[in-house]
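Trainee: Can you walk me through this model? I'd like to start with the pockets.

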Amino acid sequence: MDSRRPCLAPSSRRLWLSAAGAALAAAALPARAQRRGSRLVVPFAPGGGNDVFARQMAHGLNESFGYGMIVENKAGAGGNLGTESVVRAAGDGSVWLLGHTGTVSINPSLYAGLKFNAATDLQPVAMFASSALLLVVPTASPVRSVADLAEQMRKRSGEMTFASSGSGTGGHLTGEMFAHALGAKAIHVPYKGTAPSLTDLAGGNVDFSFGVIPAAMALVKAGKLRALAVTGAKRQPQLPDVLTVAESGVRALADFESSLTYGILAPKGTPPDTVAALGRDILKVASSESFQARLGVEGAVPLLGDSAQYGARIRQESAKWAAVIKASGATA
């Protein structure tokens, strides 16, 4: 017998084989099983569209694939607080981020002095939805079409006002992009949330707004606001009779498009196989009828893409919004 080989008693040998087998089994587990108890960070307060999408996605992943994922809201600084917490997290599959155009593609150009860039410091996993905004005016307004509004803005450049749910939001920058496309100026009036901005609009205290679809449509149905157009590249399935801005017939707006993209991102350094496994499961959940029905309630539509496609979308949107911010001089 070779004296260099350890001689194990039968009981020790069984223990060693058992431990080795357990290690091999753990290594063979699917990536999803190794991420039980992971956190999906939403960089906004509970109750909004971001929160709803995150909870619906986590629910789908947990129900269908046993992730055990929990949602954690970490609001503050326009979404930068929660986003930075994920940027700084270890890439071990325990923390993920609910990505949103505002935090990923707008904030890097809008906020001076950020110590991170979400567009480059996070790893895209998959995108699953997109939502347009709804251009609305008070029902008492003489403006009845996008062409009417464009004419008024050119005549009264620097006088007309538009409301948003806050500085740096999609509604704010869409309004800036709209005015810039028309070669006009408009006064931005920021509010602390969607509800007060649309309520003041309905009261005639501001001229127009690009609002989130569910909230704006509620006031349209109540007869307090008039819907002029949606900002997406296509008409909304929920609003088939409402034109897109690009369909309005205003030449300067022929290429106008503004929508918000939602997806999941990971800290840089997360293993590629872990990212790919979660990405596949996200797209399976997002393809389900129940998930897409929930998107419709929130005024969103499916937009499915893997890590590479989501990364390309982020780069495209980052360049687009950087140009809008530079041209308009918008700040947070």
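Mentor: First, a term. Helices (H or I, at least four residues) and strands (E, at least two) are DSSP runs, numbered from the N terminus. Two notes on the source: this is a predicted model, where local features need pLDDT of at least 70, side-chain atom pairs count only at pLDDT 80 or more, and totals for chains, interfaces and linings use all residues. Residues are numbered from 1 along each chain as its sequence is written, and side-chain values use heavy atoms, with hydrogens and water left out.

Trainee: Which element gives the largest share of the lining of the second largest pocket?

Mentor: Helix α12, with five residues. β4 (122–138), β10 (300–305) and α12 (307–328) each supply at least two.

Trainee: What counts as a pocket here?

Mentor: The work is done on a 1 Å grid over the protein atoms alone. A pocket is an open set of points where a 1.4 Å probe fits, with protein on both sides within 12 Å along at least five of seven lines. Lining residues have an atom within 4 Å of a point.

Trainee: How much space is in the second largest pocket, and which residues are nearest its centre?

Mentor: About 370 Å³. Volume here is the space filled by probe spheres set on the points, with grid points joined across faces, edges and corners. There are 19 lining residues, and S130, A233, K234, E257 and S259 lie nearest the centre.

Trainee: What is the lining like by class?

Mentor: Seven nonpolar, six polar and six charged residues. Ala, Val, Leu, Ile, Met, Phe, Trp, Tyr, Cys and Pro count as nonpolar, Asp, Glu, Lys and Arg as charged, and the others, Gly among them, as polar.

Trainee: And the largest pocket, how much space is there?

Mentor: About 930 Å³. It has 42 lining residues, and N50, S165, T169, T194 and V212 are the closest to its centre. The lining divides into 18 nonpolar, 22 polar and two charged.

Trainee: Back to α12. Which of its residues are buried?

Mentor: Y310, G311, R313, I314, E317, S318, W321, V324 and I325. Buried means under 20% relative accessible area, exposed over 50%, partly exposed in between (1.4 Å probe, protein chains only).

Trainee: What sits on the face turned away from the buried side?

Mentor: The exposed residues A308, R315, Q316, A319 and K326.

Trainee: How does S318 look?

Mentor: S318 is in α12 and has 15% relative accessibility, so it counts as buried. A polar atom of its side chain lies 2.8 Å from the backbone oxygen of I314. A polar contact is a pair of N or O atoms within 3.5 Å; within protein, one must be able to donate a hydrogen and the other to accept it, and residues adjacent in sequence count only if both atoms are side-chain atoms.

Trainee: What happens at the ends of α12?

Mentor: D306 caps the N-terminal end, with a side-chain oxygen 3.2 Å from the backbone nitrogen of A308. Just after the helix, G329 takes a positive phi of about 70°. A330 is in the segment after α12, and it is buried at 9% relative accessible area.

Trainee: What about A77, buried or exposed?

Mentor: Exposed, at 51%. A77 lies in the loop between β2 (70–73) and α3 (80–87). Its phi is positive, about 55°, although it is not a glycine.
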